[in-house]
Amino acid sequence: MSHSELVVFLLPSILSLLLLVILMQRKQTRFNLPPGSTGWPFLGETFGYLKPYSATSIGEFMEQHISRYGKIYKSNLFGEPTIVSADAGLNRFILQNEGRLFECSYPKSIGGILGKWSMLVLVGDMHRDMRIISLNFLSHARLRTHLLKEVENQTLLVLSSWKENCTFSAQDEAKKFTFNLMAKHIMSLDPGKPETEQLKKEYVTFMKGVVSAPLNLPGTPYRKALKSRSIILKFIEQKMEERIAKMKGGVENLEDDDLLGWVLKHSNLSTEQILDLILSLLFAGHETSSVSIALAIYFLQACPRSIQQLKEEHVQISRAKKLSGETELNWDDYRKMEFTQCVISETLRLGNVVRFLHRKALKDVRYKGYDIPRGWKVLPVISAVHLDSTLFDQPQHFNPWRWQCSNARGASTSSSAATSSNYFMPFGGGPRLCAGSELAKLEMAVFIHHLVLNFHWELVDSDQAFAFPFVDFPKGLPIRVKHQPHDSYIENDSS
Ligand code: HEM
């Protein structure tokens with residue numbers, strides 16, 4: 001093809017592209033977009049946005065952008081034009097209007113690794129069906145009848161392995177606890193067994209890839225994670241086949257009570273859907289809770305007064321149990337853990353395990369005079385609201401007592417906290433509110449119960465949580481413990 005022929009051939013495409021760009025620009029000027037900057041071509045401001053920062057702050061990028069443009073600004077992130085919201089009202093509005101004005105929209109790489117049937121990426125009817133299954137599996141009734149006991153067993157298993165004066169990673173221990181719990185509850189896997197340990201090993205590689213840059217190149221964590229994903233799926237599929245064979249043979253046993261048994265009996269999901277559901281629940285229910293427990297251990301050691309108050313609460317519960325001759329925690333004991341709930345809320349507010357959510361606008365939306373054009377990415381940054389000094393007094397200060405004037409449902413009775421508790425959204429909100437929020441709080445409470453009753457702990461090396469933006473302690477939160485059985489505490493207390 002000659003040079004002039006090539007020009008004639010390409011000219012229509014170039015002209016249409018130009019027309020498209022002009023039309024898009026004209027459309028954008030029709031909109032009253034929030035202020036902001038779109039950064040570099042293609043890259044936008046993604047690198048600045050993802051730069052690690054202390055988890056108890058909103059990071060330099062957010063700080064600078066909020067002070068320059070306000071709490072709602074435009075940017076270009078993850079390769080798309082984006083509206084970022086640090087505005088409590090807009091965040092609520094976005095989450096409440098899921099499916100109507102906005103829709104969950106995680107980057108493609110998340111679907112690539114968690115699977116196309118993962119709850120995090122599904123929308124519409126299929127999301128609803130999967131959500132019903134998850135809610136059923138994590139229902140209030142199951143928490144009371146099955147999970148509380150299991151949570152306590154797994155807590156004691158981990159804590160009983162802690163040796164006097166030994167140094168270990170509190171973050172790894174918390175991960176062990178939440179992984180064992182989920183593996184048991186999802187597939188009846190027993191902790192410590194070779195197959196569970198093998199799965200845990202693959203899972204660690206898998207997780208490194210989930211949180212890494214999605215570069216599918218030889219040697220990258222993403223590529224390794226894709227490999228681990230297929231090993232994990234093969235493992236789950238094998239468990240599934242064994243279970244189907246058992247069910248066909250009429251062998252009914254306790255295992256049928258786990259998630260695997262439940263979906264096989266009560267749903268008509270395909271094998272591929274079941275595998276992605278199990279993998280995504282293992283992911284959703286393991287990482288977030290373990291980081292939250294590590295954060296609680298971290299915040300508490302720096303606040304002796306809160307440990308003292310926790311001890312008083314848990315010693316009282318423990319004494320009452322001894323008097324009645326009971327040994328295991330029950331639901332009434334859990335309900336008595338009021339100050340513990342304040343500690344949990346404060347840990348989630350200050351630590352912000354999930355910092356922002358991914359959405360896109362389904363329609364042109366107008367909010368507070370600004371336009372959010374259809375198709376744009378929208379990021380409700382929940383951490384920015386939790387650390388907003390106009391909503392929370394001294395937001396960077398760990399203060400569980402700020403939650404004490406809230407009633408049982410979290411609605412506050414004091415005026416300044418009234419605003420804040422309305423905007424406390426560590427578990428998201430609307431139709432995609434975290435399905436495991438109650439389990440997460442139960443795990444944290446039971447863990448804290450046995451921790452404060454039995455141990456005194458200190459940090460052996462300075463470490464702090466960073467947002468990468470996934471929250472992690474770079475040194476694993478190394479702690480040293482001293483055994484402090486609560487009986488001796490009671491003696492001191494009464495002397
Ligand atoms: C402190 C611990 C936890 C935190 C902070 C947390 C946070 C969240 C958040 C913010 C979302 C909403 C995501 C979005 O809207 O895009 C979510 C969704 C979800 N979480 Fe959690 N989570 C925690 C623990 C758990 C646990 C223990 C489970 C149990 C398996 C779980 C299962 C789920 C599921 C299934 C969803 C998807 C819900 C849906 O799309 O309908 N989470 N979580």
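Two strands are said to pair if DSSP finds at least two bridges between them. Helices (H or I, at least four residues) and strands (E, at least two) are themselves DSSP runs, numbered from the N terminus. In β9, the residue bridged to I83 is V378. The structure is a predicted model, in which local features need pLDDT of at least 70, side-chain atom pairs count only at pLDDT 80 or more, and totals for chains, interfaces and linings use all residues. Residues are numbered from 1 along each chain as its sequence is written.

**The chain as a whole**

- The chain contains 19 helices and 13 strands.
- Of its 495 residues, 40% count as buried. A residue is buried if 20 or more other C-beta atoms lie within 10 Å of its own, exposed if 12 or fewer, and partly exposed in between, with C-beta atoms placed from the backbone.
- Two residues are in contact if their C-beta atoms, placed from the backbone, lie within 7 Å. Among the contacts in the chain with a separation of 6 or more, 71% are accounted for by residues 24 or more positions apart.

**The ligand and C434**

- The shell around the ligand has 23 residues, of which G285, T288, G428, C434 and G436 come nearest. Here a residue is near a molecule or strand if its C-beta atom, placed from the backbone, lies within 6 Å of it.
- The elements that give two or more residues to this shell are α6 (124-137), α12 (271-301) and α18. The most comes from α12, with six residues.
- By class, the shell has 14 nonpolar, seven polar and two charged residues. Ala, Val, Leu, Ile, Met, Phe, Trp, Tyr, Cys and Pro count as nonpolar, Asp, Glu, Lys and Arg as charged, and the others, Gly among them, as polar.
- An unreviewed UniProt entry carries the annotation "binding site" for C434. UniProt positions are given in the numbering used here, feature names are shortened, and annotations may be inferred rather than shown by experiment.
- C434 is located in the loop between α17 (415-422) and α18 (437-454). This residue is classed as partly exposed because 19 other C-beta atoms lie within 10 Å.
- Not counting residues up to four places away in sequence, C434 touches F427 and G428.

**The nonpolar core**

- A nonpolar core is a set of buried Ala, Val, Leu, Ile, Met, Phe, Trp, Tyr and Cys residues joined through C-beta atoms within 7 Å. The largest one has 115 residues, and those with the most contacts inside it are I186, I278, A294, A296, I297 and I448.
- The element that gives the most to this core is α12, with 18 residues.
- In soluble globular proteins, nonpolar side chains tend to be buried together.
- Leaving aside neighbours within four places in sequence, I186 is in contact with D258, L259, L260, I278, L281 and L282.
- A170 belongs to helix α8 (residues 170-187) and is buried, because 26 other C-beta atoms lie within 10 Å. Its contacts, leaving aside neighbours within four places in sequence, are A294, I297, L477 and I479.
- A170 and R480 are 310 residues apart in sequence, yet 9.1 Å apart in space, C-alpha to C-alpha.

**Strand pairing**

- Strands β2 (residues 72-77) and β3 (residues 80-85) run antiparallel and are joined by six bridges. K74 stands opposite I83 in β3.
- These two strands, β2 and β3, form a hairpin with two residues between them, and F78 in the turn has a positive phi of about 50 degrees.
- On a parallel course, β3 is joined to β9 (residues 377-380) by four bridges.
- An open sheet of three strands has the order β1-β11-β12, with antiparallel pairing. β1 (53-54) and β12 (471-472) stand at the edges, each with a single partner strand, so one side of each is left without a neighbour in the sheet.

**Backbone features**

- Most residues other than glycine have a negative phi, and most peptide bonds are trans.
- A cis peptide bond, with omega of about 15 degrees, joins F468 and P469. P469 lies in the loop between β11 and β12.
- N165 has a positive phi, near 65 degrees, and counts as exposed because it has 8 C-beta neighbours inside 10 Å.
- N352 also has a positive phi, of about 45 degrees, but is buried, because 27 other C-beta atoms lie within 10 Å.
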